[in-house]
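Visitor: Please show me how to read a few local features here.
Guide: Gladly; we go one feature at a time.

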Amino acid sequence: MSSGPFSHLLRGIWLLWLWQAVFATGTRSRIWEVPSGSAISSNFSESLQWEQDCPYQHPQDKVRITADVPPRLDGTWVSTRCEVRPGPEFLTRSYTFHPGRHFQALQHYYADSGCQDPAYSLMIRGKLRLRHASWITQGATDAEHHLSKVAIVIHSTAAKQGLTSSLPSSCVTLTLDQVVPGKLYELYNTRGGRGCLAALGFSMMEMGLVRVETQHHRHGGKVQELLLGDIDTDWNQRTQYRPTGYQQPLQNAMHHIHPCPVCALVYRSSELHPPVLPHRPALPIALAGRWVSQRCETRPNVLFLTRDFTFDPEKNAWEGTYRHYSDSACSQLTFILRASGHYAQGNPSAKVLGASDFVFKVTTVKVTAAEESTVKLLNTTRPGKCGQMGGWEVGVEQDLTPTGGCNLLGIKLPHKEYELFKVELDHRKHPLLFIGERPTDGSSPDRPHRRPTSFQPPMVLCSMTEMQTFHRSGVNSKQVQLAVSGTQRLEHLVLLVLGTVLCSWLCDF
């Protein structure tokens with residue numbers, strides 16, 4: 001990864017970003033501030049109003065989303081599916097928050113991507129203090145946590161053997177060879193043991209960023225989701241990483257999507273009795289049609305966006321539209337990026353069962369600026385380096401293909417990337433598309449060893465015709481070759497032009 005060509009861009013946009021940061025700080029009291037006392041008196045409710053753009057959706061299915069700032073955390077929040085973290089790691093979570101700021105978290109880790117073979121469980125206790133509205137991730141709350149105890153229960157001999165290579169024997173009361181599966185052993189308390197947590201790759205830095213959203217359904221029901229900070233895709237950085245995006249949300253055990261058999265299993269679990277999720281057969285990757293984001297999505301480095309992809313398996317072609325916004329409600333459009341190209345399907349993933357490897361090529365990128373400041377900057381580029389010189393206008397799309405991309409934005413065409421995809425069904429038996437998670441540092445998976453091992457938020461197949469085709473295909477359907485634009489690498493750079501990102505990156509092709 002090289003950042004040399006972007007040093008001038010960083011210098012040019014730093015003042016713009018700093019101005020925005022100062023402005024946000026100056027108006028922070030309009031959102032909320034934590035008083036000096038232990039109680040939080042403010043209760044600002046942020047209404048998102050963003051609704052999924054999907055043709056098959058009936059009006060009664062549309063959802064209004066609100067977010068309380070500061071968030072209300074009391075209660076138990078649980079996983080809705082087997083979660084995949086970078087590594088990969090497979091886990092389920094159950095977090096309980098008490099009124100006195102105390103929390104107890106259960107993390108159950110598994111040897112398989114279906115969360116059917118429990119390896120070990122962690123029982124975590126501590127305190128969480130909400131601080132103030134995040135200065136970086138709009139709509140989120142910064143928080144700090146203090147751990148009081150972390151204990152481990154090993155559930156199998158295979159898991160014990162695996163931990164032997166990573167945990168020093170001093171991390172448990174006995175040597176690891178003498179550890180008894182099914183018994184609780186303390187790894188950490190306030191007197192010491194941080195070395196044990198580091199050796200395990202354990203971190204609760206996710207508690208540093210908190211958001212609670214409530215989905216209000218028109219039939220009167222509601223679903224509450226807890227979004228905690230994202231996990232760094234680099235194992236060596238995860239224990240120090242300060243999140244700026246979110247990982248998969250947990251749902252309130254009392255207000256969750258119905259039916260949700262996984263929610264009940266996770267809610268009833270304990271450190272000694274981890275949930276064993278029901279078997280889910282692998283689904284064919286039959287993805288012809290249009291797929292869209294289910295919600296306004298948040299990414300690290302202050303990215304708010306929605307995605308809209310169309311796949312044509314007959315031509316092995318795809319087109320992806322990324323709409324970027326300046327706010328967590330996805331209501332204030334900043335720019336649109338359209339990319340297209342061709343793809344090829346590889347082998348089933350050796351790391352994530354049910355997923356498949358893909359290789360794709362980005363050949364065309366078109367950008368529409370929605371802000372005057374972006375237009376002025378792009379119009380300063382040299383001829384032949386970034387679309388038509390002097391031709392940038394607000395709301396007018398520019399094709400960057402004739403100039404081989406845009407040096408100023410770090411877009412180079414064509415380029416190739418290696419990806420990971422998976423299909424599951426949601427609670428209504430609608431297919432969901434999981435696309436590989438982008439590296440936290442903004443780099444690109446342009447080499448096989450950089451292929452993702454975890455996923456972004458799922459997208460939904462939004463055409464009823466395509467849904468019917470999917471269900472008719474069955475498990476013996478021909479697997480459709482697909483790929484999704486890797487231009488999210490480019491999104492980070494375009495967002496820099498908008499002055500909303502702290503850092504930049506560049507991958508050499």
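Guide: Gln398 sits in strand β19 (residues 397-399); strands here are DSSP E runs of at least two residues, and helices are H or I runs of at least four, numbered from the N terminus. This is a predicted model, with local features needing pLDDT of at least 70, side-chain atom pairs pLDDT 80 or more, and totals for chains, interfaces and linings using all residues. Residues are numbered from 1 along each chain as its sequence is written, and side-chain values use heavy atoms, leaving out hydrogens and water.

Visitor: Is Gln398 buried or exposed?
Guide: Buried means under 20% relative accessible area, exposed over 50%, partly exposed in between (1.4 Å probe, protein chains only). Gln398 has 7%, so it is buried.

Visitor: Which backbone oxygen lies 3.3 Å from a polar atom of the Gln398 side chain?
Guide: That of Gln388.

Visitor: What is Gln398 in contact with, leaving aside its neighbours within four places in sequence?
Guide: Contact means heavy atoms within 4.5 Å. The list includes Val365, Lys366, Val367 and Trp392.

Visitor: Where is Thr214 found?
Guide: In strand β10 (residues 209-217). Thr214 is buried because its relative accessible area is 7%. Beyond neighbours within four places in sequence, its contacts include Arg64, Thr66 and Gln224.

Visitor: How do strands β16 and β17 pair?
Guide: Two strands pair if DSSP finds at least two bridges between them. Strand β16 (residues 317-325) and strand β17 (residues 333-348) are antiparallel, over 9 bridges. Ala317 stands opposite His342 in β17. β17 also pairs with strand β18 (residues 356-369), antiparallel over 12 bridges. There, Pro348 has Ser356 in β18 as its bridge partner.

Methods. Polar contact = N/O pair within 3.5 Å; in protein donor to acceptor, adjacent residues only side chain to side chain.
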